[in-house]
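Below is a set of questions and answers on a predicted model.

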Amino acid sequence: MTTMNKDDKDIYILLKKETQKQIYLAKRNHYHNAFLRHAKNIKKTWVYLKEVMGSEVGSSTKVSALMHQGQEYSNRIDIANIFNHFFCNIALKLCDSIPQRDFKFSGIPNCESIYFEQITQHEVMMTIMNLNNKNSTGGPDKFSVKYVKCIAKTISVPLAILFNSCMMNGIFPSILKISKVVPIYKGGIHTDPSNYRPISLQSIFSKVFEKLIKSRLDSLLNKCQYGFRTKSSTTMALMDLVHTIESKKDKDMHSIAVFLDLKKAFATVNHDILLIKLDNYGFRGHILKFFSSYLSNRVQYTII
C-alpha cells in the first residue's frame, strides 16, 4: 500500500495543473493552425468547429427509435422505411400547400438552339482525377474514388463513348438515378424524423457525368448567378451587395434589401415549369429530352 505525504501531494497538484495547461495550449495551437490551413475550405472548417464545440449536430447518429403517427418504432427496417417515406414526401406536402397558378413564360424565347460539345476521353479522365479522395464506398454502386482513379485512364475511353451516346439519345441512365440517403441528425428530439437532414449519396459515375454537363452549362449562366458556378461563390454575392450599398451611400442614396428564406427551395422546383423555361432558353431536341430524363423516375433508398 502506498501513501502520499503533503509535499508529494503539492508536487502532484502543481504537475497536474501544468500538464492541463500544456494540453490546453497544444489544443489551442493545433486548432489555430488548422483554421489557418483550411481558411478557404468551408467543409474542413466546419469539421474543426464541431470538434471544438463538441457538437453532435451534423454528425452521423445511430437511430434507436423513431416516432411515426403517434407510435414508436425500434425495428431498423421500420425506421429506415419511415425515414425514406418522410424524405420522399416532405417536398410534395410543401408543394401542395403552395397556391398553384398557370405559368406563362414572360421572357423573349431564344430563337437559337443550344448544343453541347462532345465529351472527350481527356475530359472524363481529368474529371475523375479531380474528384475528392474518399476511402469510403459511399454511393449505391460501392465504388471507391481512390480505386476508380487507379483505372481512370483505362475506363475514360468507354465512359466518354457511353456519355456521348446518352446525350445524343436524350437518356440519363436509370442505374445512375439511384440515390442512397443517409439521415444526419441536426438537433432536437432524436425520435422526430424532421430533426434529420437527408444526405444523398450517388454513384461516382453519376457525379462524373453531372460534372461534365455542368461544365457545359457554366458559360451559359448569368454573371449574377453566384452559386454553382466555377470560380464563383455566395461569398462573392455578399461582397457585391456590400459594394453596392457603399457605392449608393457615397452618393447619398438609400438602399433597400429584401431577403427571402425559401424552405426546401430546390426540392419544390416544378420540373414541368423548369423544362418549359429550358426550352425557351434554347435547350431543345435531344438536349431537352436528356434533362427531362435526368429529372424523371429517380429512385432512392434510406439506410441507418
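Q: Where is the place of Phe283?
A: Helices H9 and H10 are the elements on either side of Phe283. The residue's place is the loop between H9 and H10.

Q: Is Phe283 buried or exposed?
A: Buried means under 20% relative accessible area. Phe283 has 6% relative accessibility, so the residue counts as buried.

Q: What distance separates the C-alpha atoms of Phe283 and Ile114?
A: Along the chain, Phe283 and Ile114 are 169 residues apart. Phe283 also touches Ile114, as well as Phe116, Leu217, Leu220, Leu278, Leu288 and Phe291, when residues up to four places away in sequence are not counted. The C-alpha atoms of Phe283 and Ile114 are separated by 5.4 Å.

Q: Leaving aside neighbours within four places in sequence, which residues is Phe291 in contact with?
A: Phe291 is among the residues with the most contacts inside the largest nonpolar core, which has 31 residues. With neighbours within four places in sequence left aside, its contacts are Phe116, Ile213, Leu217, Leu275, Leu278 and Phe283.

Q: Which residues have the most contacts inside the largest nonpolar core, and which element gives the most to this core?
A: The residues with the most contacts inside this core are Phe116, Val124, Ile128, Phe163, Val208, Phe209 and Phe291. Helices H4, H5, H6, H7, H9 and H10 each give two or more residues to the core. With seven residues, the element that gives the most is H6.

Q: How many residues are in the second, separate core?
A: Leu66, Phe83, Phe87 and Tyr196 are included in this second core, which is separate. Its number of residues is nine.

Q: Why is the pair of Phe172 and Phe209 stacked?
A: Planes under 30 degrees apart count as stacked. The ring centres of Phe172 and Phe209 are 5.5 Å apart. The pair is stacked because the planes are at 15°.

Q: How many residues apart in sequence are the parts that the pair of Phe172 and Phe209 ties together?
A: Both Phe172 and Phe209 are buried. Phe172 lies in the loop between H6 and strand S3, and Phe209 lies in helix H7. The pair therefore ties together parts whose separation in sequence is 37 residues.

Q: Which residues that line the second largest pocket are the closest to its centre?
A: This pocket holds about 1,200 Å³ of space. Its lining has 11 nonpolar, 10 polar and nine charged residues, and H2, S4 and H7 each supply at least two residues of that lining. Of the 30 lining residues, the closest to the centre are Lys43, Asn132, Lys134, Leu201 and Lys207.

Note on methods. Residues are numbered from 1 along each chain as its sequence is written. This is a predicted model: local features need pLDDT of at least 70, side-chain atom pairs count only at pLDDT 80 or more; totals for chains, interfaces and linings use all residues. Side-chain values use heavy atoms; hydrogens and water are left out. A nonpolar core is a set of buried Ala, Val, Leu, Ile, Met, Phe, Trp, Tyr and Cys residues joined through side-chain atoms within 4.5 Å. Buried means under 20% relative accessible area, exposed over 50%, partly exposed in between (1.4 Å probe, protein chains only). Helices (H or I, at least four residues) and strands (E, at least two) are DSSP runs, numbered from the N terminus. Contact means heavy atoms within 4.5 Å. On a 1 Å grid over the protein atoms alone, a cavity is a set of points where a 1.4 Å probe fits but cannot get out, and a pocket is an open set with protein on both sides within 12 Å along at least five of seven lines; lining residues have an atom within 4 Å of a point. Grid points are joined across faces, edges and corners, and a volume is the space filled by probe spheres set on the points. Ala, Val, Leu, Ile, Met, Phe, Trp, Tyr, Cys and Pro count as nonpolar, Asp, Glu, Lys and Arg as charged, and the others, Gly among them, as polar. Rings of Phe, Tyr and Trp (its six-membered ring) pair if their centres lie within 6.5 Å; planes under 30 degrees apart count as stacked, over 60 as edge-to-face and the rest as tilted.
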